[in-house]
Amino acid sequence: MTQVTEHGGGVWSLRVPIPDNPLGHTLVHVLDTDRGPVLVDTGWDDPASWAELTSGLRALDLDVSDVHGVVITHHHPDHHGLSGRVREESGAWIAMHAADTAVVRRTRASEPGTWLDYLARKLAAAGAPEGHIAPLRAARTSGRPDTLPGLRSAIPDREIVPGELLDLAGRRLRAIWTPGHTPGHVCLHLEEEHPSRLPGHGRLFSGDHLLPGISPHIGLYEDTDDSPELSAPYEVPPGDPLGDYLGSLERVGRLGVAEVLPAHQHAFTDAAGRVRELLDHHEDRLTGLLGLLAAPLTPWQLAERMEWNRPWRDIPYGSRNIAVSEAEAHVRRLVKLGRAEPVAGTDPVEYVAV
Ligand SMILES: [Zn+2]
Ligand SMILES: [Zn+2]
């Protein structure tokens, strides 16, 4: 039986499993509108997840064909994976922020293997050892890239415009652009009185932006279009995802919502308190990194020395790629703040505190 939680005021959440993933599940929210149910996120594209999503809807006396629209917080496969299937069965529209729709388009247009080439190039530039990059080159020739999630994810048909109310009959749902975790991540502010009259201004579908017990991954935005040959070797590339994220956190903290309905874990109150915790966490982290950068380091060397949830030697292969991207996002923030800079003449580039 799918776990269904009623949040009141025509809002429910369905626990849709993410296979073989420590996150466990995505909370797909169902929002009742005068024209039928609208989903906020859909879950991972997998038969077991689909079965849970549809049985959860049935528990609410709904059929997937009743779904009127799909609002996606961001393009990641645990949120957008099943959107195409829902649209096929129901004719529902799918809405997403333009920056994430651009990622979906680019990913779909990529030749198989483009992603692996891109990752290998990025890791080499970050100073990863050859032994770490070699398996990517091997996978490149084995045909595995076809199975990467996202290559066939659905192209949305509506754009979520920051600051605007979504076109939902009988509901007030406003898009809040919260870049950082992805360039087009949005939170959705349900500007209606809390059904239990909790103090505050409505409720927030927060996607991966604001979670009660997880600090979301903030790495460099994935842009397989970037052309390293076009950028000077020591130029700081554009984009500051961590800066975007911290700004988006403050933005969401100021909304003063009564309750947060995130896409993982569980609903919670005191959004402002959670925002403060996350801001403090990143401030501590940046201070720690400045200490490490007393001597010049590549992003890879920095990642090896940073504190993770386990020692570096125990971090599995894929998680190391994520970790180094996170280290790079932090370095980029420090460079933007004028607290660190690249060391001239180094290749791969080393950074040092200034
Ligand atoms: Zn995500
Ligand atoms: Zn997620």
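In what order do the seven strands of the open sheet run? The order is 1-2-3-4-5-6-7, with mixed pairing (strands are DSSP runs of E, at least two residues, and helices runs of H or I, at least four, numbered from the N terminus; two strands pair if DSSP finds at least two bridges between them). Strand 1 (4–6) and strand 7 (158–160) sit at the edges with a single partner strand each, so one side of each has no neighbour in the sheet.

Before going on, a word on the ground rules: this is a predicted model, where local features need pLDDT of at least 70, side-chain atom pairs count only at pLDDT 80 or more, and totals for chains, interfaces and linings use all residues. Residues are numbered from 1 along each chain as its sequence is written, chains are lettered from A and ligands numbered from 1 in the order written, and side-chain values use heavy atoms, leaving out hydrogens and water.

Now for the metal. H74 (NE2), H76 (ND1), H181 (NE2) and D208 (OD) coordinate the zinc ion (ligand 1) at 2.1 to 2.3 Å (donors are N, O and S atoms within 2.8 Å of the metal, or 3.2 Å for Na, K and Ca; water is not among the atoms, so sites may look incomplete). D208 also bridges to the zinc ion (ligand 2), with 3.6 Å between the two ions. H74 and D208 come from distant parts of the chain, 134 residues apart. H74 counts as buried because its relative accessibility is 0%, and D208, at 5%, counts as buried too (buried means under 20% relative accessible area, exposed over 50%, partly exposed in between, with a 1.4 Å probe and protein chains only).
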